[in-house]
Amino acid sequence: MPEISYTAERFNAFPPTGKLLPGQVGVTATGSEMVSFAEVCAYAASVGDVGILGMQPRRPANELLWRRLMVRSSLTTHMGHFAKSRSYKRLDPSEKSAVSYFLGMAQCAAMADKVLGVRATVHVDSLIKLLGRRLPRRSRPDLVGFAVPPTSRNTLGRFLLEAKGRTHQFSASTVESALEQLRNPPAVVRNLVGVNSVHAASLAYFEPLVRRGTPVWHSHLEDPPPDDQSPVSELSDSEFRGVVLIAQLLPIQRAIADIRATDDGRQFEEQHGLTGAELPGTGAHVAIPTNLYTLLERIDGPLSDPAAREALASQVWEATRSDYSPDALLAAVGGEGEIATLGSGLSFAEVRVEQQIEG
């Protein structure tokens with residue numbers, strides 16, 4: 001399995017989800033994390049389809065398929081690391097910029113989970129739309145997430161992340177640009193994450209392991225100075241983590257429903273506690289726990305009513321605490337292969353199927 005090397009700088013605890021120690025500031029850590037192709041695909045899917053609650057025609061299955069293909073077509077492996085594929089290298093500069101941004105978001109979600117202890121992340125615009133709020137006119141950080149559980153005032157549970165991606169080497173100016181965006185987010189974003197949230201910049205870049213070697217994918221994570229102006233969030237911890245899960249999983253549920261409505265041979269339900277489908281023509285399968293799927297399919301618009309939103313968020317949170325095997329998706333489709341199961345319950349697998357799936 002490939003690994004991603006990382007540097008994490010200036011955190012007040014490491015991981016930042018741990019207990020803060022008096023006088024501990026500016027902690028820096030280095031290391032590497034094993035991340036499979038299936039996991040990169042799952043994280044790329046998890047950052048969210050920000051148009052899922054918009055007025056334009058929804059094509060969630062195509063969106064999910066596109067995210068998987070972008071990962072598979074842009075990355076290859078080299079000496080146990082991810083590297084740029086030939087097709088990535090052939091792109092013109094403007095195309096490379098778009099791919100770098102996409103890969104930067106996926107890597108940010110992956111390393112937030114594996115390095116910083118963030119259980120689930122989603123695009124901040126998805127969460128704002130889900131709550132029925134207006135998107136701010138000015139730029140804002142990319143992702144919000146939560147760690148579990150925020151058990152005390154010294155254990156941080158909410159995250160605001162700015163993701164950057166580069167085609168080439170590390171860039172201090174790009175990191176500084178990300179930190180600047182985190183220092184002054186719009187009011188609607190401040191009100192979501194609230195006081196004591198962790199802000200973190202993420203840079204995905206390609207750097208050789210040795211001089212003149214093949215550039216491989218690296219991660220740089222950095223915490224800006226603390227923001228003393230953040231208000232207390234209007235959302236309780238339980239409501240915040242519930243709506244983050246809903247915003248992340250709703251596009252996945254819609255994509256599965258989209259496939260189930262058009263191709264009976266590529267879907268399954270209530271197999272080993274999961275409902276899912278194959279992305280057409282790929283051998284890749286996506287699934288979420290059936291109890292979550294049932295809750296999500298009832299949503300038909302923004303969650304504008306506070307009481308109803310709080311009740312649903314609580315139900316979704318409780319549903320994610322059900323026990324299910326990380327290998328349940330492979331068992332459900334009767335195959336073997338590479339599997340990723342995220343903390344939100346989202347499962348993604350590249351499967352070699354051994355038998356016909358029955359819906």
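Predicted model: local features only at pLDDT ≥ 70, side-chain atom pairs only at ≥ 80, totals over all residues.
Author: Buried means under 20% relative accessible area.

Reader: Which residues of H10 are buried?

Author: The buried residues of H10 are Arg309, Leu312, Ala313, Val316, Trp317, Ala319 and Thr320. They cover an arc of only 155 degrees around the axis, which puts them on the same side of H10.

Reader: Why do residues three or four places apart in an α-helix point the same way?

Author: An α-helix has 3.6 residues a turn, so residues at that spacing point the same way. In the present case, the buried side of H10 packs against strand E6 (143–146), H8 and helix H9 (290–296). As for its length, H10 has 15 residues and reaches 21 Å from its first C-alpha to its last, close to the 21 Å expected at 1.5 Å a residue.

Reader: What span should helix H6 have at 1.5 Å a residue?

Author: Helix H6 comprises 12 residues (172–183) and should therefore span 16 Å; its end C-alpha atoms are 16 Å apart, in agreement with that value. Within H6, the residues Thr174, Val175, Ala178, Leu179, Gln181 and Leu182 are buried. These cover an arc of only 160 degrees around the axis, which places them on the same side of H6.

Reader: Which exposed residues does the face of H6 turned away from its buried side carry?

Author: That face carries the exposed residues Ala172 and Ser173.

Reader: By what quantities are two packed helices described?

Author: The description uses the angle between their axes and the distance between the axes. Helix H8 (residues 237–262) and helix H10 (residues 306–320) pack at an angle of about 75 degrees, and their axes are 8 Å apart. That angle makes H8 roughly perpendicular to H10. On the H8 side the contact is made by Ser238, Glu239, Arg241, Gly242, Val243, Leu245 and Ile246, and on the H10 side by Pro306, Arg309, Glu310, Leu312, Ala313, Val316, Trp317 and Thr320. By residue class, the contact of H8 with H10 has eight nonpolar, three polar and four charged residues.

Reader: At what angle do helix H1 and helix H4 pack?

Author: H1 (residues 37–46) and H4 (residues 93–114) pack at about 105 degrees, with their axes 8 Å apart. From H1, the residues Glu39, Val40, Tyr43, Ala44 and Ser46 meet Phe102, Ala106, Ala109, Ala110, Asp113 and Lys114 of H4. The residues of this contact divide into seven nonpolar, one polar and three charged.

Reader: Within what distance do the axes of helix H2 and H4 come?

Author: The axes of H2 (residues 60–74) and H4 come within 11 Å and cross at roughly 105 degrees. This makes H2 roughly perpendicular to H4. Trp66, Arg67, Met70, Val71 and Ser74 in H2 meet Val99, Phe102 and Leu103 in H4. Here the contact residues comprise six nonpolar, one polar and one charged. Phe102 is listed in the contact of H4 with H1 and again in its contact with H2.

Reader: Where is Met79 found, and is Met79 buried or exposed?

Author: Met79 is in the loop between strand E3 (75–78) and strand E4 (81–84). Its phi is near 50 degrees, a positive value in a residue other than glycine. The cut-off for exposed is over 50%; Met79, at 63% relative accessibility, therefore counts as exposed.

Reader: What is the phi of Arg212?

Author: The phi of Arg212 is near 65 degrees, a positive value in a residue other than glycine. Arg212 is placed in the loop between E8 and E9. Because its relative accessibility is 75%, Arg212 counts as exposed.

Reader: Is Gly345 buried or exposed?

Author: Gly345 counts as buried, at 1% relative accessibility. Gly345 lies in the loop between strand E13 (335–341) and strand E14 (347–353). Gly345 and Leu249 are 96 residues apart in sequence and 8.6 Å apart in space, C-alpha to C-alpha.

Conventions: Residues numbered from 1 in each chain as written. Heavy atoms only, no water. Helix = DSSP H or I, 4+ residues; strand = E, 2+ residues; numbered from the N terminus. Expected span 1.5 Å × (residues − 1). Buried < 20%, exposed > 50% of the residue type's maximum accessible area, 1.4 Å probe, protein only. Arc of directions from axis to C-beta. Axes fitted to C-alpha atoms, helices over the stretch in contact; angles between N-to-C directions. Contact = heavy atoms within 4.5 Å. Nonpolar A, V, L, I, M, F, W, Y, C, P; charged D, E, K, R; others polar. Parallel < 35°, antiparallel > 145°, perpendicular 65-115°, else oblique.
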